[in-house]
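Have a look at the model first, and then read on.

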Amino acid sequence: MIPSVTDIMSKPSDLLQGTLDLLLLKILALEPLHGWAISQRLRQISSDVLQVSDGSLYPALHKLEQEGWIRAEWKTSDLGRRAKFYSLTPPGRKALGREAANWDRLSKAISQVVQLKEA
Amino acid sequence: MWTRWFYALPLRLRSLLQRRRMDGELDEEISFHLAAQAACHREAGMSEEGADAAARRNFGGLTQRREECVDTRPLRFLEEFVSDIHFAVRSWRRSPGFAFVGILSLALPIGATAAIISALYAILLSPLPFDRPEELGVIWQMKPNERWQRFEVAPGNFMEWKQRSQAFEDMAAINPFAGVTLTGLGEPERMEGARVSANFFDLLGRGARYGRTFVKGEDQAGHDRVAVITESLWRRRFGADIRAVGRAVSFDGAEHTIIGVLPADFPVRAATPDIEVSTRDIEVWRPLALNDVQRSQRDQGMLRVIGRLREGVTFAAAAREMSFISKTLGNLYPATNRGWEVQILPLAEQTVGETSQTIVLAAGGVGCTLLLACVSVAGLLLARATARMTELRTRVALGANGSRVVRQLLTESVTLAAVGGSLGIALAYAALPALRDLGFLDLPRRDEIVMRAPALLLSILTVLITGLVCGTAPVIRISRRLVASRSRHVTGTRQQQALGNALVAAQVAISCVLLVGMGLLLRTVAHLQAVDPGFDPRGLLTLQITLPPQYYPRPIDRVAFFRRVHEAIRQLPGVSDVGSSTSVPFMKRSDQAVIPYFAGSPHAPAGVASANAVMPSYFDAIGIPLQGGRLFTMRDDRQGQPVIIVNQALASAAWPGRNPIGQKLSVDTDSNSNRLWRQVVGVVGDVRPFGLDSPEQPSFYLPQAQFEVGWQVFVVRSRQEPAAVASAIQRAVMTVDGRQPIHNVATMSSMIDRSLRTRKAVLGLLSVLGSLALMVAGIGLYGLLSYQVQQSRKEIGIRSALGASPSRILREVVERGIALTATGVSVGLVAAAICGRALASLLFGVHAVDLQVYVICAATLIAVGIVASAAPSWRALRVSAAEELRRD
């Protein structure tokens with residue numbers, strides 16, 4: 001799930017699969033949402049920097065669901081129609097904690113390298 | 001960590017089982033997203049259509065994303081496989097020719113070879129369906145210096161062997177000529193029967209399906225009015241009613257109780273070794289009740305003995321022990337047992353006989369057929385893949401996954417294989433009963449021939465695996481090039497065309513080999529059947545009566561006995577003639593005596609000849625023509641002059657160019673051990689005693705009254721059914737002497753057929769396989785040419801638009817077909833010449849490279865080639881120029 005260093009460096013605004021998973025888990029950790037709301041939330045939180053094309057959201061969500069990290073429920077939305085709401089499963093919550101910690105360590109390490117003064 | 005499966009599993013199951021519902025949900029989810037996004041844009045001020053369009057743009061590639069979602073489901077692979085199969089079937093509906101050809105090319109060879117392999121397995125390889133069959137052996141009495149190979153066993157000896165032998169843990173006996181007449185149950189019926197010792201079924205390890213088999217003590221006189229019947233009889237006369245067990249019926253006028261019914265798969269043939277008389281199997285089993293006299297009778301053989309070796313004992317050790325026992329008995333009872341030996345044959349060997357050559361040839365035929373099937377399958381798949389190149393290219397261009405497309409081609413091959421294979425299985429099941437009941441084959445263990453799963457599996461796997469491997473290798477190569485290249489060349493490279501041509505030529509070659517083999521054997525059998533055996537075999541039954549020496553110590557009594565038997569048999573209704581001799585033609589070679597004769601000088605023999613001692617009516621009864629002089633009469637006895645009859649072959653050898661009548665010949669000595677010179681009183685026609693393919697044998701005949709031997713082989717001419725006649729004869733002989741059984745009963749036709757058996761079996765096999773191969777080759781050629789015409793439609797259209805005459809186009813296609821066939825035939829004839837050596841030992845009157853056969857086979861194949869080219873060539877004519885030019 002942790003992307004490699006080169007991946008992060010090459011595409012700043014297109015996110016890769018692994019990182020996307022982490023983000024989705026985190027967002028769903030706060031409250032259950034349907035797909036569209038998730039994409040809005042992503043934009044909102046990252047101040048539009050992270051622009052995940054809506055299409056690539058759904059395969060990722062479905063993959064996470066198949067893996068058992070999140071689960072879905074059909075409920076009526078505020079639009080009047082029913083929508084598929086995703087929420088985190090207990091194992092998902094544990095996985096999120098693990099991956100977030102890993103990401104934290106990696107980003108700290110990268111920051112240290114990047115901030116090295118040029119000789 | 002693993003708790004996620006608590007959530008993951010139910011979902012995955014749902015994905016598998018409720019695919020359509022999941023698809024619906026996915027669509028609903030996506031449409032919700034688009035609606036929400038559109039609503040957002042509308043709030044921002046866009047128009048309705050603009051909002052929708054913007055929402056869609058935002059989403060990205062709709063179809064692709066949707067596909068990606070679906071792809072996350074597990075076992076997607078399986079789903080794709082199923083849909084590939086649907087696709088394959090639909091495409092077959094569009095090109096039914098390919099499907100028809102493909103399925104048949106697979107099904108026919110699979111069916112035929114599975115049936116043949118099953119039959120071979122049943123006959124040769126499968127263990128006999130008895131308990132530990134490798135421990136079972138058949139024990140014969142043998143008297144080596146009499147040149148009779150095997151005798152049935154006398155009851156007294158059987159009892160002694162059973163008691164004395166340590167090597168055999170048990171022995172059982174069977175008299176297989178105990179037919180009975182069933183009365184009191186509606187129409188009276190005569191059926192084959194056997195009498196067996198009480199432990200017979202236990203020894204074999206096969207029990208009854210209903211009721212029981214015999215128990216100890218039931219083979220004592222007085223307790224023996226019980227019977228075990230076979231399943232076939234139970235169904236036929238007792239209506240498959242369980243209450244038949246315990247029922248009383250009348251066999252031969254005496255009331256018997258039915259105590260058991262044997263299972264349907266009881267192997268009657270394997271349990272009754274060396275029976276030749278009837279094609280109907282034994283249905284009534286009764287106990288062998290010997291009275292005290294019979295029990296101590298040691299010299300007349302009437303039983304066949306099956307023994308089970310003690311655990312750990314070999315046949316060699318058992319043979320040694322039995323030989324020792326035999327010698328012991330010879331010392332104890334010198335009058336009856338001196339000089340007798342014992343021969344033991346493992347039951348499996350006894351059942352199979354000498355069929356090893358047939359195995360080799362059958363295996364060869366089967367191998368050819370399987371090869372043919374593989375070649376056909378490969379050719380078909382290749383043609384198919386090449387034909388679909390355009391379609392495949394288009395699909396890849398539209399964005400299909402390259403490997404997915406290849407997988408689809410493979411799926412189609414696998415589906416074809418599955419359908420063809422299933423049809424092949426059905427055909428195999430249908431073909432087996434046909435194979436089993438081919439009367440002239442008289443296969444040993446015929447009743448055990450059933451479809452064997454391993455045989456089926458073997459033929460299916462061989463065809464499928466080899467065919468698929470050969471067919472998909474080029475497919476994969478094509479698809480790789482497909483995905484990579486931009487070439488618009490559609491008809492396939494020259495390499496592929498050459499491969500296709502080579503495959504069809506190979507099919508023709510294989511067919512040629514099989515057909516040549518078939519033709520050679522056909523001619524051989526025809527030649528053999530046209531050979532005059534020297535006598536008239538129609539309606540002739542042979543049987544043997546052997547007199548123990550102490551019963552008729554005076555030679556004159558022996559002659560009198562045989563005369564009385566002649567009279568008794570002659571009076572039977574339906575019997576038109578009776579004769580007897582010490583040996584008759586087509587008996588086993590080892591049973592016929594060949595001894596030296598002296599013609600001029602008493603010191604050195606002039607040659608060797610087949611010896612016979614006959615009753616006067618023999619020649620008329622068997623139909624050997626008198627060619628000079630006279631036959632024996634009643635007056636040619638000890639009081640008369642020593643006489644002898646010779647056949648033409650001996651006469652020409654001993655006195656070339658001279659009249660043999662009146663000449664002197666010596667074949668035996670008188671009481672003073674001087675040469676006894678006999679006068680030749682008659683010359684008779686030659687017979688071929690050792691088989692239709694053996695030369696005429698010099699033979700001489702002595703009057704039984706002057707050379708009193710203790711046995712005679714009777715020939716009885718009758719129009720009635722042999723089994724009935726045999727039983728009647730047995731009863732008639734019993735009236736002359738109640739102690740005297742008949743043995744070695746066989747019809748002359750079956751003896752002659754037996755000599756042809758191997759050839760006929762191989763002929764049958766090659767005929768079936770040859771016709772199959774011919775059909776498959778024809779279909780293959782048709783398929784290939786059709787495909788080639790199809791591929792060059794455009795070219796044909798252009799040419800006919802430019803004015804090429806229709807007959808020219810037609811001729812070209814047919815020529816191509818003939819060229820292919822001719823190539824195949826040439827290769828095939830060469831291969832046939834090489835393989836012909838395998839058949840050489842079977843041929844008679846036909847050279848392995850027989851011009852007539854070769855020419856006929858070649859002509860047949862080329863005719864088939866022309867016919868197979870006809871349809872595609874017609875299709876070539878009907879190609880409309882305009883249509884083709886427009887199509888691209």
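In this predicted model, 31 residues of chain A are in contact with 28 residues of chain B. About 2,800 Å² is buried between chain A and chain B, and carbon and sulfur atoms give 59% of that area. On the chain A side, Trp36(A), Tyr58(A) and Gln66(A) lose the most area to chain B, together 26% of what that side buries.

The rule finds 4 salt bridges between chain A and chain B; one of them joins Glu28(B) to Arg82(A), with the closest N and O atoms 3.1 Å apart. Residue pairs in polar contact between chain A and chain B number 10. The elements of chain A that give two or more residues to the side touching chain B are α3, α4, β2, β3 and α5. Of these, α4(A) gives the most, with 10 residues. By kind, the residues on that side of chain A are 10 nonpolar, 12 polar and 9 charged.

| Ring pair | Centres apart | Angle of planes | Kind |
|---|---|---|---|
| Phe561(B) and Phe562(B) | 5.3 Å | 65° | edge-to-face |
| Phe619(B) and Phe632(B) | 6.4 Å | 55° | tilted |

Phe619(B) lies in helix α21 of chain B and Phe632(B) in the loop between β18 and β19, so this pair ties together parts that are 13 residues apart in sequence. Phe619(B) is buried at 0% relative accessibility, and Phe632(B) is buried at 5%. Phe561(B) and Phe562(B) are buried as well. Elsewhere, ring pairs link Phe200(B), Phe201(B), Phe214(B), Phe266(B) and Trp285(B) into a cluster.

Definitions and conventions:
Residues are numbered from 1 along each chain as its sequence is written. Chains are lettered from A and ligands numbered from 1 in the order in which they are written. This is a predicted model: local features need pLDDT of at least 70, side-chain atom pairs count only at pLDDT 80 or more; totals for chains, interfaces and linings use all residues. Side-chain values use heavy atoms; hydrogens and water are left out. Contact means heavy atoms within 4.5 Å. Buried area is the accessible area (1.4 Å probe) that two parts lose on being put together, summed over both. A salt bridge is a side-chain nitrogen of Lys or Arg within 4 Å of a carboxyl oxygen of Asp or Glu. A polar contact is a pair of N or O atoms within 3.5 Å; within protein, one must be able to donate a hydrogen and the other to accept it, and residues adjacent in sequence count only if both atoms are side-chain atoms. Helices (H or I, at least four residues) and strands (E, at least two) are DSSP runs, numbered from the N terminus. Ala, Val, Leu, Ile, Met, Phe, Trp, Tyr, Cys and Pro count as nonpolar, Asp, Glu, Lys and Arg as charged, and the others, Gly among them, as polar. Rings of Phe, Tyr and Trp (its six-membered ring) pair if their centres lie within 6.5 Å; planes under 30 degrees apart count as stacked, over 60 as edge-to-face and the rest as tilted. Buried means under 20% relative accessible area, exposed over 50%, partly exposed in between (1.4 Å probe, protein chains only).
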